[in-house]
Amino acid sequence: MTSYGVVIDTSMLINVMQTDTAEASAFLDGHLLTRLMLMAVVPAIFVWLQPIDYGTMRRQLWKNPFVALCALVIVVAVILSGFQRLASTMRNHKDLRYLLNPLASMYGLARMAMGPLERDESTIVPIALDAGQAGRTNEGNSTPIRPRLLLLVLGETARSANFSLNGYERPTTTALEQQGVVSFTNVWSCGTSTAESLPCMFSHLSRHEFGVRKVNYENLLDVLQRAGLAVLWLDNQSGCKGVCDRVPHVSTGKSVDSDLCKDNECQDGILLSGLDERLAALDPARRARGTVIVMHQMGSHGPAYFRRSPEKFKTFHPECTTSALQVCSRDMVLNAYDNSIVYTDHFLSSAIDWLRHKAPQADGAMLYVSDHGESLGESNLYLHGLPYAIAPDVQKHIPWVTWMSAQFEESLGISLECLGRQRHLRVTHDNYFHSILGLMDVSTSVYETELDAYALCRKRL
Ligand SMILES: [Zn+2]
């Protein structure tokens, strides 16, 4: 908490439960060890060495409750004596309640444990049982309909403000700028951590509805699969948080590739290697109707940003080369982070090149959306995962980049020029589910045109 300015609430504890060794070990360094020694081990030894007179059981039986009661009376008296000011301070500084150590963490732990009681986790309620591709069949058509190939890249920890596409003064996304993409500039995430955002993005529910849901529902991938499309999830990170459980999925994080992989982690380029074979292995009948491939990036995952870009993509120097970000200057942290965006830019541009190369077989498109943003030392905050209500905008303001081949644009009946004009309209993760159903022309009663970020620019629906 002191190093990164984070708080340990329910969602942070869920992150702890869902992490893996590679992710967690990035935090275990000498600085943490020193702090633990000074702030926990030394005081613990001191307390341990104090002589304690435990007394007889009979005496303690009335003495302990009496002391506890006295303490409680004093606490209540102190609170009441300054209640007005205390109440208004707590109201005006919501973040304070998350800093009540260890009470806030205990409360978070209890909330997490209660989760299964608040929600029925035993079943997954099916949605969109009527999903199909009503408008896209070969029957009765003289010209056969070409399948679509949609690449959904799930960005990690990318913040909108660091994309030169969105006006950042450093040249971080020059490759994408050459590819003719449309970048939305006013996009907001559902949560401030992967575990929060990912399931929410793929859900048909809004951010608010998702937070208070009483049961779990099927997600976007289930609906795409039900509509008859081929679906594949490729994961280069700590997993899909349950989103890909019922569709074909592959983890690339433990691949053996001397160029891209080191210490049980791979650079995102691994997601593109062997992609032709992976695509060919999917059910041909489904592929003929269309394919959606999801790529879950390692992206700009912190705190070890310097590990997220290979040597030849390091544009900004010097980099912060430790996980203890607070010991580096802000400029060095920013350099390492921006280098990870430069590599993401290269990765996305290579993915677009792959789609271009697939043009003889399918009409390609790519949609890149990040899961949440990041704090890079602004107001002494680092990383992400602050409770949504108190999180700074940089943890929630994310990029949303679209590329479409001319054939995809034509077959969807959309105008990219129009999309470019709409790029400053507000979009959130609530729009994700519906926008993708729209891009694949999946017809279902669950689809809501008003939430489809592309609907405004389609000539026909
Ligand atoms: Zn994330």
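Q: Hi! Which residue of β11 does Arg148 stand opposite?
A: Arg148 stands opposite Asp363 in β11. Just keep in mind that this is a predicted model.

Q: Got it. How do β2 and β11 run, and how many bridges join them?
A: They run parallel, and eight bridges join them. Strand β2 covers residues 148–155, and β11 covers residues 363–370.

Q: Which other strand pairs with β11, and in what sense?
A: That would be β14, residues 400–404, which pairs with β11 in the antiparallel sense over five bridges.

Q: Is β11 buried or exposed?
A: Buried. Eight of its eight residues are buried, so β11 is largely enclosed by the rest of the structure.

Q: And which way do the residues of β11 point?
A: Asp363, Ala365, Leu367 and Val369 point one way, while Gly364, Met366, Tyr368 and Ser370 point the other way. In a regular strand, side chains alternate between the two faces of the sheet.

Q: Let's zoom out. How many strands form the sheet, and in what order?
A: Seven strands form an open sheet, and the order is β3-β14-β11-β2-β10-β6-β7. The pairing is mixed.

Q: Which strands are at the edges?
A: The edge strands are β3 (182–184) and β7 (249–251), and each of them pairs on one side only.

Q: What about the twist?
A: From one strand to the next, the twist averages 15°.

Q: Why does Pro248 count as partly exposed?
A: Because Pro248 has 16 C-beta neighbours inside 10 Å. A residue needs 20 or more to be buried and 12 or fewer to be exposed, so Pro248 falls in between.

Q: Which residues is Pro248 in contact with, leaving aside its neighbours within four places in sequence?
A: Val231, Leu232 and Leu282. As for Leu234, it is 14 residues from Pro248 in sequence and 8.8 Å away in space, C-alpha to C-alpha.

Q: Switching to helices: how many residues does α13 have, and how far does it reach?
A: Helix α13 (residues 330–357) has 28 residues and reaches 41 Å from its first C-alpha to its last. That is close to the 40 Å expected at 1.5 Å a residue.

Q: How many residues of α13 are buried?
A: 20 of the 28 are buried, so α13 is largely enclosed by the rest of the structure.

Q: Now the whole chain. Which domains is it divided into?
A: Domain 1 (10–121) and domain 2 (127–457). Their centres, taken over C-alpha atoms, are 38 Å apart.

Q: How many residues are in contact across the two domains?
A: 19 residues of domain 1 are in contact with 22 residues of domain 2.

Q: Which elements give two or more residues to the domain 1 side?
A: Those are α1 (10–18), α2 (21–25) and β1 (120–125). Of these, α1 gives the most, with five residues.

Q: And what classes of residue are on that side?
A: The side of domain 1 that touches domain 2 has six nonpolar, five polar and eight charged residues.

Note on methods
Residues numbered from 1 in each chain as written. Predicted model: local features only at pLDDT ≥ 70, side-chain atom pairs only at ≥ 80, totals over all residues. Domains from an automatic or database assignment. Contact = placed C-beta atoms within 7 Å. Helix = DSSP H or I, 4+ residues; strand = E, 2+ residues; numbered from the N terminus. Nonpolar A, V, L, I, M, F, W, Y, C, P; charged D, E, K, R; others polar. Pairing = 2+ DSSP bridges. Axes fitted to C-alpha atoms, helices over the stretch in contact; angles between N-to-C directions. Expected span 1.5 Å × (residues − 1).
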